[in-house]
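Welcome, and thanks for taking a look at this model.

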Amino acid sequence: MKVNRAATTGFLLCFVAIIFGVLTNGGLRAILNLIHIPSFIVTFGGAFFAAMMTADSFGDFAEAVGSFAKAFRKQNVSVVDLAQKVFELSDVARKEGLLALEGSAAEIDNAFLKKGVMLIVDGSDPELVRGILETEMMHLEDRNRKNINFWQDLGSYAPAWGMVGTLLGLINMMRSMGADVSAIGSGMSLALITTLYGSIIANWICIPLARKLEKCSAEEMLVMEVCTEGVLSIQAGENTRIVREKIMSVIEMDVKEEEHD
């Protein structure tokens, strides 16, 4: 599995930027002052378990948490290379017939495309083939959306729970302050740490991660759409040139939509 170096580098540089900001405004001691385990538990724990409440099951919750790593991986399949494979399969089908694709299927790495090819080799009805492939696309998109929603929810809950922690800290500070006015500064500083934690969790991790997962999902959907259109065109016996035009129009349309976004 290849690592997405741009995503990984950006993630690490965000951390560097935070540390740089702290070090230039107080040195190493300032970093130690920002480490407060109870504040972290209130902020991250509260947001994390609030997001858990929205999950349909523990399995969905575990999958959403595990999707963290997906944002830092590169797509295994190049949509251009996959399109080229579809064109090759189209040539085979036109010259040797659909049954000849059974031998070519062994060389297909993409499981979704392989499934589509085997369906047409078995003589399945075109509408059945489309229905099966589109249903699998729908299920994958639904799983991806649940993972994206989890990180979006966590990103929206974290600042709110940071504020909860701040309010708890202020209440405790006021109760224990008494006549010692000098305690206000240290108490206020400690109370505000949870607000900082909430903002960092949301803007360093959750929101960028959700956006990255949206892009990964769009790439997966494009790959599956190319496979679906290719398989159906091959089954219909269309000329390879026509297959090429249809698939390239799908790819170009997706690129234009990304540029528009």
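## Cysteines

A disulfide here is a pair of cysteine sulfur atoms within 2.5 Å. By that rule the structure holds zero disulfides. Cysteine 14 is in no disulfide, and the nearest cysteine sulfur, belonging to cysteine 206, is 13 Å away. Cysteine 216 is likewise in no disulfide; for this residue the nearest cysteine sulfur is again that of cysteine 206, at 16 Å.

How accessible are these residues? The classes used throughout are buried (under 20% relative accessible area), exposed (over 50%) and partly exposed in between, with a 1.4 Å probe and protein chains only. Cysteine 14 has 36% relative accessibility, so it counts as partly exposed. Cysteine 216, with a relative accessible area of 8%, is buried.

## About the model

This is a predicted model, in which local features need pLDDT of at least 70 and side-chain atom pairs count only at pLDDT 80 or more, while totals for chains, interfaces and linings use all residues. Residues are numbered from 1 along each chain as its sequence is written, and side-chain values use heavy atoms, with hydrogens and water left out.

## Overall fold and dimensions

Which secondary structure elements does the chain have? There are 10 helices and zero strands, giving the pattern α-α-α-α-α-α-α-α-α-α when read along the sequence. Both kinds of element are DSSP runs numbered from the N terminus: helices are H or I with at least four residues, and strands are E with at least two.

The radius of gyration of the chain is 26 Å, whereas a compact globule of 261 residues would have one near 18 Å. That radius is taken over C-alpha atoms, and the globule rule is 2.2 Å times the number of residues to the power 0.38. Along its principal axes, the C-alpha trace spans about 90 × 35 × 30 Å.

## Surface, contacts and charge

Of the 261 residues, 36% count as buried. The accessible surface of the chain comes to about 15,100 Å², and 61% of it belongs to carbon and sulfur atoms. These areas come from the Shrake-Rupley method with a 1.4 Å probe; for residues, only the protein chains shown count as cover.

Contact means heavy atoms within 4.5 Å. Among contacts between residues at least 6 apart in sequence, 77% join residues at least 24 apart. As for charge, the chain has 23 positive and 32 negative charges, and their mean positions are 6 Å apart. Lys and Arg count as positive and Asp and Glu as negative, leaving out His and the chain ends; each charge is placed at NZ of Lys, CZ of Arg, CG of Asp or CD of Glu.

Leucine 32 sits in helix H2 (residues 27–33) and is exposed, with a relative accessible area of 54%. Leucine 192 lies 160 residues from leucine 32 in sequence, and their C-alpha atoms are 15 Å apart in space.

Serine 104 belongs to helix H6 (residues 101–105). Is this residue buried or exposed? Serine 104 counts as buried, because its relative accessibility is 14%. Beyond residues up to four places away in sequence, serine 104 touches Leu89 and Val92. From serine 104 to alanine 93, 11 residues apart in sequence, the C-alpha distance is 9.9 Å.

Valine 121 is part of helix H7 (residues 111–121) and is buried at 9% relative accessible area. Which residues does valine 121 contact, leaving aside neighbours within four places in sequence? They are Leu98, Leu99, Leu101 and Glu102.

Leucine 170 lies in helix H8 (residues 126–177) and is partly exposed, with a relative accessible area of 22%. Leaving out residues up to four places away in sequence, leucine 170 touches Met188 and Ala191. Leucine 170 and methionine 188 are 18 residues apart in sequence, and 6.7 Å separates their C-alpha atoms.

Serine 233 is found in helix H9 (residues 183–235). Its relative accessibility is 1%, so serine 233 counts as buried. Apart from residues up to four places away in sequence, serine 233 touches Glu238, Val243 and Lys246.
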